[in-house]
Amino acid sequence: MPTSFSQLVQLCQRLEGTQKRKEKMRLLGDFLLSLHEGEIAPAVYLLLGTIFSTQDPRTLDVSWKSLQEVGAGVKPASTGSASDGLTVLEVHQIFSEVAKASGKGSRKEKGELLEKLFNRASREEARILRKIIFGEMRHGVGEGMMLKALSEAGDVDHQLVERAQMFTGDLGELARIALTQGGVGLVKISLHLFHPVQPMLAQLGEDFSSLIAEHQGKTALEYKLDGARVQIHKGGKEVRIFSRHLKEVTESIPEITTQIHKEIQAKEAIFDGEVIATNSQGKPLPFQELMRRFRRVHKVELSMKEVPVRLFLFDLLYMNGRSLIDLSYKERWKCLKEISPEDLLVPRIITGEISEAKSFLKEATISGHEGLMAKSLESPYTPGARGKRWFKIKPAETLDLVIVAADWGSGRREGWLSNYHLACRDSETGEYWVIGKTFKGLTDEEFIQMTKDLQNLKISETPYTVSVKPQIVVEIAYNEIQRSPKYESGFALRFARFTRIREDKTPREADTLTRLKDLYQRQFQYKGRIE
Ligand code: ATP
C-alpha cells in the first residue's frame with residue numbers, strides 16, 4: 001500500500017504537538033521505517049520543506065499570490081475536510097510537474113496543477129502543503145534532528161551517518177540508504193569521479209599568532225578569492241564542474257572546461273578551486289558580476305566577453321583512479337603542482353612568521369581579494385567539515401543572514417520594502433531567529449529588485465510589514481553583537497549593514513544561532529582583530 005499524504009500530515013501534527021526531542025525522534029523514526037524504499041527520499045524532502053534535494057536545481061516558483069488565485073489559500077471551515085486519497089508520491093510528482101512548467105503560459109499551468117492538488121486535499125493537508133511550499137515547517141525537525149533520527153531508526157552509528165551526509169549532501173538519498181542498507185550501504189558512500197562531494201569549509205580565524213600555534217608553528221596561507229567555489233571533475237574527454245552546492249555549472253563557464261582539457265596533465269582528477277570574475281586587465285571584479293555569469297545559460301558567448309572569468313585551483317581530491325583526501329595538505333598540494341601549470345594555482349606562502357603573514361594579507365587585499373585562508377599542512381581533506389584545519393581571515397566581520405520579513409519604507413524609500421528583518425538559523429530545529437534589522441547598504445536598484453523578490457515570497461502581511469518565506473541570504477557587516485531583549489533570540493547586531501546579497505547561498509547555509517552565541521562570547525576574549 002502506498003503511503004498516504006495524510007499519514008505524513010498526521011506526523012507533522014504530532015511533531016508540532018510535542019516539545020520533547022526524544023519523542024520527536026521516535027515519531028519521525030517510526031514514520032520513516034513505515035515507508036517503501038521509493039517513498040523515503042520524497043518524504044524526507046517534504047518533511048524538511050525543501051521539496052527537492054538541496055542539490056536539485058529545480059524550484060517551484062510559486063508565490064503566495066498565485067496560491068490565493070487558485071483558491072489554495074485558507075479553506076473555509078465548511079469545505080474540503082475530507083482527503084481524496086493523495087499519496088506522498090503523488091504530491092511529490094505534482095510538485096515536480098509544477099517545477100517543470102516554465103516559459104510562456106507556465107503561470108497558468110502551475111496554477112492548474114496546484115488547483116488540482118489543493119482540490120484533492122483536506123483542510124489539514126492543505127495547511128501542510130502551504131507550509132511545504134513556503135519552506136515553513138515549524139515542527140522542530142531540521143537537518144540535525146533528521147540525521148539523529150536516521151541513525152536511531154536505521155540502527156547505524158551517528159558518526160557514520162554524518163560522514164555520509166558530508167559526502168552526499170543529499171538527505172533524501174542518505175535516508176534511503178541508511179534505512180534500506182544500513183551501515184554497509186553508508187560506508188560505500190565515498191569519492192567517485194563525477195559524483196561531487198561537499199566542499200571542506202573554514203572557521204573564522206581570530207589572529208595570526210593563535211592560528212599559527214593551532215597549525216603547529218607553520219601554516220599555509222593562500223589568497224582568499226572572492227568568487228565562486230568550483231569542484232572540477234575530469235575523466236578522460238569529459239569535464240564537469242559543480243558549484244558549492246554541488247549543482248552542475250559546466251555550461252555557464254565553457255572556457256574553464258577548455259582550459260582544463262588543455263592545461264591539466266592528468267587523465268583523471270578532481271579539483272577544488274575558485275572562479276573569479278575579472279576585468280580586461282585581470283583585476284578581480286565584485287562577486288555580483290560573477291553571479292551574473294552563473295545565472296546565464298543562454299548567450300554564454302556574449303557573457304564570456306562581458307565578464308571574463310579566471311580559475312584558481314587550491315586542492316586536488318582525486319588523481320588517476322586514487323582518492324587523495326586522506327593524504328595531508330602538503331602531499332595533495334605536491335600532486336596538484338605536478339599536474340597543473342603555475343598560473344592556475346592560488347597564490348600562497350608557507351610561514352610561521354606573524355610579520356610575513358601580515359604583509360601577505362596586505363598584498364592579498366591590495367590586489368583586490370577578500371583576505372587569506374590558513375591551512376594546516378598536515379590536514380586531510382574533510383568533505384563538508386568546518387574546523388580548525390582551515391581558517392579564513394577577513395578584515396571585516398560579517399554574518400550570512402536570512403531575510404524573514406521587511407517593513408514598508410517611508411520618505412525617500414516610500415513604496416519599497418526597505419527595512420529588512422535579519423535572522424540566523426537554528427540548525428537543529430530549522431527555525432529562524434531575528435537578530436537585527438537594516439536598510440543600509442543597498443543601492444536604489446537593489447531596493448527595487450529586493451521589493452519585487454520579497455513580494456514573490458510573501459507569506460502574510462500587516463499594513464507595515466510583509467513576512468516572507470526564508471529564502472534570500474544576505475551578507476551583513478556589523479560592529480558588535482549585543483545582548484538584547486528586543487528580539488526573541490536575545491541578541492541584536494549593532495550597526496548592521498548590507499555588504500552583498502549571497503545568491504550562492506541557501507538559507508540552510510546561513511549562520512547559526514550557535515555561531516552567533518560563540519561570536520558573542522569571543523568578543524570578550526579577544527580585543528581587536530587582525531589588521
Ligand atoms: P565566506 O562567506 O567567507 O565566503 P563561506 O561560508 O562561503 O565563507 P567558508 O568555508 O567559510 O565558506 O570559507 C571558504 C570559502 O572561501 C570557500 O567556500 C571558497 O568559496 C572561498 N575561497 C576563496 N579562496 C579560497 C582558498 N584559497 N581556499 C579555500 N577556499 C577559498
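Reply: Ground rule for pairs: rings of Phe, Tyr and Trp (its six-membered ring) pair if their centres lie within 6.5 Å, and planes under 30 degrees apart count as stacked, over 60 as edge-to-face and the rest as tilted. This is a predicted model, where local features need pLDDT of at least 70, side-chain atom pairs count only at pLDDT 80 or more, and totals for chains, interfaces and linings use all residues. Residues are numbered from 1 along each chain as its sequence is written, and side-chain values use heavy atoms, with hydrogens and water left out.

Me: How many aromatic pairs does that rule give?
Reply: The count is eight. Take Phe314 and Trp390: their ring centres are 6.3 Å apart and the planes sit at 80°, so that pair is edge-to-face.

Me: Which strands are those two in?
Reply: Phe314 is in strand 6 (residues 309-319) and Trp390 in strand 10 (residues 386-393), 76 residues apart. Strands here are DSSP runs (E, at least two residues), numbered from the N terminus.

Me: And is Trp390 buried or exposed?
Reply: Buried, at 1% relative accessible area; the cut-off for buried is under 20% (1.4 Å probe, protein chains only). Phe314 is buried too, at 9%.

Me: What about Trp416 and Phe447?
Reply: Their centres are 5.2 Å apart with planes at 20°, so they're stacked. Ring pairs also link Trp416, Tyr420, Phe447 and Phe498 into a cluster.

Me: Switching topic: which ring does the charged end of Arg413 sit over?
Reply: The ring of Phe439, 3.8 Å from its centre. That term needs NZ of Lys or CZ of Arg within 6 Å of the ring centre and within 35 degrees of the ring normal.

Terms used. Helices (H or I, at least four residues) and strands (E, at least two) are DSSP runs, numbered from the N terminus. Buried means under 20% relative accessible area, exposed over 50%, partly exposed in between (1.4 Å probe, protein chains only).
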